Amino acid sequence: MPTSLLERSPLRIRTSLVFRLPEGVQPSGSPLPLGLRLSPAEPDLIRLFFGGSALEAVFLDYLSQGFSGAVIHGPRAWAAYGWLSHPHTAGPVHLHPEIQRQPAHWLFAFRTLPIWRERGLYKTGLRYLMSQALAQPHPGGIYVDTQAGNLASRRGILSVGFVPCGVAKTYIVGVPKLHWWKWGHWDAAQPHPAADQDRFTRP
């Protein structure tokens, strides 16, 4: 790749707050709104609800890598989803290679449609994937991360039993459609910043 292209490529920095599930914490059940159900992410389900979108290829690739997923849906449309990497797979794709090489379970890529937010779907997805990880115990632990400004996500993560476990920085540079480079570090002892009550996003 020409050096000039890389020089013009903007550097992006992702700051992720990391949480770890303490030993002994067990997820409790949580009811879903009427008309919704949670299903494991499988190829037919992905094609049904995400067919024709960019997410179809992404999610089928996640399955081919050995990730586990959950989809909360009604009869005709999805409402929320989330994913889980395992010790024997690569780690969460949005973080840097040091974390991707960690032999651990890692919950990631959660999203809830705006019309279904503040209805407990995020916590239900977290608890389901926590149970999937706990069914395959590994000394590497169980983790999840979110961005500092996502206050709703931070609250949900803490409410299901996770505790803060430092801050990860991921630096990203590259050229779209050619190649991206990621590197960074994770300081497990760094405290999380205080939550800004006035500015936050939702998962």
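Colleague: In this predicted model, how many bridges join strand S1 to strand S7?

Modeller: Strand S1 covers residues 12-20 and strand S7 covers residues 163-175, and the two run antiparallel. Within this pairing, Leu-17 has Val-167 of S7 as its bridge partner. The number of bridges that join S1 to S7 is eight.

Colleague: Which residue in S6 is the bridge partner of Phe-19?

Modeller: S1 is also joined to strand S6, residues 142-147, by five bridges, and these strands run antiparallel. Phe-19 takes part in a bridge to S6, where the partner is Val-144.

Colleague: What accessible area do Leu-11, Ile-13, Trp-181 and Trp-183 have together?

Modeller: Leu-11 is found in the loop between helix H1 (3-8) and S1. Leu-11, Ile-13, Trp-181 and Trp-183 form a nonpolar patch on the surface. Together, the accessible area of these four residues is about 420 Å².

Colleague: Which element gives the most to the lining of the largest pocket?

Modeller: The largest pocket holds about 480 Å³ of space. Of the 22 residues that line this pocket, the closest to its centre are Arg-14, His-94, Phe-108, Ala-109 and Phe-110. Helix H3 (54-64), S5 and S6 each supply at least two residues of the lining. With five residues, the element that gives the most is S5.

Colleague: By class, how many residues in the lining of the largest pocket are charged?

Modeller: The lining of the largest pocket has 13 nonpolar residues and six polar residues. The number of charged residues in this lining is three.

Colleague: What is the volume of the largest cavity?

Modeller: Rolling a probe the size of a water molecule over the atoms shows where empty space is left. With a cut-off of 30 Å³ or more, the count comes to one cavity. The volume of the largest cavity is about 50 Å³.

Colleague: Which helix supplies at least two residues of the lining of the largest cavity?

Modeller: Among the residues that line the largest cavity are Ala-70, Ile-72, Tyr-81, Phe-110 and Leu-121. The residues of this lining divide into seven nonpolar, three polar and one charged. Strands S3 (68-73), S4 (78-85) and S5 (105-112) each supply at least two residues, and so does helix H5 (121-134). The helix asked for is H5.

Colleague: Which residue meets Asp-44 in a salt bridge?

Modeller: Side chains of opposite charge can pair when their charged atoms come close. The structure holds one salt bridge, and its N to O distance is 3.6 Å. Both partners lie in helix H2 (residues 43-50), three residues apart, about one turn of the helix. The residue that meets Asp-44 is Arg-47.

Terms used:
Residues are numbered from 1 along each chain as its sequence is written. This is a predicted model: local features need pLDDT of at least 70, side-chain atom pairs count only at pLDDT 80 or more; totals for chains, interfaces and linings use all residues. Side-chain values use heavy atoms; hydrogens and water are left out. On a 1 Å grid over the protein atoms alone, a cavity is a set of points where a 1.4 Å probe fits but cannot get out, and a pocket is an open set with protein on both sides within 12 Å along at least five of seven lines; lining residues have an atom within 4 Å of a point. Grid points are joined across faces, edges and corners, and a volume is the space filled by probe spheres set on the points. Helices (H or I, at least four residues) and strands (E, at least two) are DSSP runs, numbered from the N terminus. Ala, Val, Leu, Ile, Met, Phe, Trp, Tyr, Cys and Pro count as nonpolar, Asp, Glu, Lys and Arg as charged, and the others, Gly among them, as polar. Two strands pair if DSSP finds at least two bridges between them. Patches are made of residues with over 30% relative accessible area and no salt bridge: like charges are joined within 9 Å, nonpolar side chains (Val, Leu, Ile, Met, Phe, Trp, Tyr) within 5 Å. Accessible areas come from the Shrake-Rupley method with a 1.4 Å probe; for residues, only the protein chains shown count as cover. A salt bridge is a side-chain nitrogen of Lys or Arg within 4 Å of a carboxyl oxygen of Asp or Glu.
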